[in-house]
Amino acid sequence: MSRVVLITGACGGIGRVLCERFAAQGDHVLALDRDAQQLAELAASIANCTPLQADITDAAATKAAVHAAVARHGAVDVLVANAGAAACSTLAATTPESWHADINLNLHGTYNTVEAVRPAMLERGQGCIVLIGSVNGLTALGHPAYSAAKAALVSYTKALALESGRRGVRANIVCPGTVKTQAWQARVDKDPQILEKLKKWYPLGDFATPDDIADAALFLSSSAARVITGVVLPVDGGLMAGNRVMAQELTLEDF
């Protein structure tokens, strides 16, 4: 059965694949992003995809865009709140302005997106919310403002699950580790071997692709996950399982 699926950050590396994968299984995708030109290109390349231009830090604009789309395509069955970005990589480099910008986009923007669909989901007695968090919300890995916002999303997800479950709405959060996307290009330009070097920290010896993140979102939004809510799901090659490099140095054994 076709569903209406709202995906934010649709034009990013993970967002594009989310749109492609949900549309490929027959869902109608409402692709929300603030970049009009990239949205037009994305919608032209995917069947069953409607572009929505809005900045999620603007609650009124986000709500208006979503409600206009709902009037044409029907109620949102699934929200994948994927939009996010990080500015400064250290506290030393963080300014009050950059701190507030990261919190505003990653935390407040996600709240604005959820609030654009949650009341209608509760009224209908059904709906699924998947937030895209980060392992940065689970431990300190740099980008402190971004990480603080992603940590808050973990608590927010649990509040959503707690308050919405008896009214038919599930909420879960996927926490990717490193994901191979264009967002890494600036760091690859500085050090072409950076991604290969990072693999030593991952127990599986590799990290995720956007398709791996889409697989998790598709599962959590499916009937196969009908009794799963409030879950924090790292999709991280085992990064949050433990520190493999430190374990080797502690035990003097090869893992």
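The largest pocket has a volume of about 1300 Å³. Of the 43 residues that line this pocket, the closest to its centre are Ala85, Ala86, Tyr146, Ala183 and Arg187. The model is predicted. Parallel strand pairings link β1 to β4, β4 to β5, β5 to β6 and β6 to β7.

**The largest pocket**

- Three elements each supply at least two residues of the lining: α1 (13-24), β2 (28-33) and α5 (144-164).
- Helix α1 gives the largest share, three residues.
- Sorted by class, the lining holds 22 nonpolar, 16 polar and five charged residues.

- Strand β4 covers residues 78-81. Val78 and Val80 point one way from this strand, while Leu79 and Ala81 point the other way. All four are buried.
- Strand β1 (residues 4-8) runs parallel to β4, and three bridges join the two. Leu6 has Leu79 in β4 as its bridge partner.
- Strand β5 (residues 127-132) also pairs with β4, in the parallel sense and over four bridges. Here Ala81 stands opposite Leu131 of β5.
- Between β4 and β5 comes helix α4 (residues 96-124), and β4, α4 and β5 make a right-handed β-α-β unit.

- Strand β6 spans residues 169-176. Eight of its eight residues are buried, so β6 is largely enclosed by the rest of the structure.
- Val169, Ala171, Ile173 and Cys175 point one way from β6. Arg170, Asn172, Val174 and Pro176 point the other way.
- β5 and β6 run parallel, joined by six bridges.
- Val174 stands opposite Leu233 in β7.
- Pro176 belongs to β6. Its relative accessible area is 6%, and therefore Pro176 counts as buried, the cut-off being under 20%.
- Pro176 and Thr50 are 126 residues apart along the chain, and 26 Å separates their C-alpha atoms.

**Helix ends and a side-chain contact**

- Asn243 caps the N-terminal end of helix α9 (residues 244-251). A side-chain oxygen of Asn243 lies 3.3 Å from the backbone nitrogen of Val245.
- Leu252 follows α9, and its phi is positive, near 60°.
- Ser98 sits in helix α4. A polar atom of the Ser98 side chain lies 2.9 Å from the backbone nitrogen of Thr95.
- Ser98 has a relative accessibility of 14%, so it counts as buried under the 20% cut-off.

**Positive phi in two loops**

- Most residues other than glycine have a negative phi.
- Asn48 is not glycine, yet its phi is positive, near 60°. Its place is the loop between α2 (36-45) and β3 (49-53).
- Asn48 has a relative accessible area of 41%, which lies between the 20% and 50% cut-offs, so this residue is partly exposed.
- His143 also has a positive phi without being glycine, and the value is near 50°. This residue lies in the loop between β5 and α5.
- Is His143 buried or exposed? His143 is buried, because its relative accessible area of 16% is under 20%.

Methods:
Residues are numbered from 1 along each chain as its sequence is written. This is a predicted model: local features need pLDDT of at least 70, side-chain atom pairs count only at pLDDT 80 or more; totals for chains, interfaces and linings use all residues. Side-chain values use heavy atoms; hydrogens and water are left out. A polar contact is a pair of N or O atoms within 3.5 Å; within protein, one must be able to donate a hydrogen and the other to accept it, and residues adjacent in sequence count only if both atoms are side-chain atoms. On a 1 Å grid over the protein atoms alone, a cavity is a set of points where a 1.4 Å probe fits but cannot get out, and a pocket is an open set with protein on both sides within 12 Å along at least five of seven lines; lining residues have an atom within 4 Å of a point. Grid points are joined across faces, edges and corners, and a volume is the space filled by probe spheres set on the points. Ala, Val, Leu, Ile, Met, Phe, Trp, Tyr, Cys and Pro count as nonpolar, Asp, Glu, Lys and Arg as charged, and the others, Gly among them, as polar. Buried means under 20% relative accessible area, exposed over 50%, partly exposed in between (1.4 Å probe, protein chains only). Two strands pair if DSSP finds at least two bridges between them. A crossover is right-handed if, with the strands pointing away from the viewer, the path from the first strand over the helix to the second runs clockwise.
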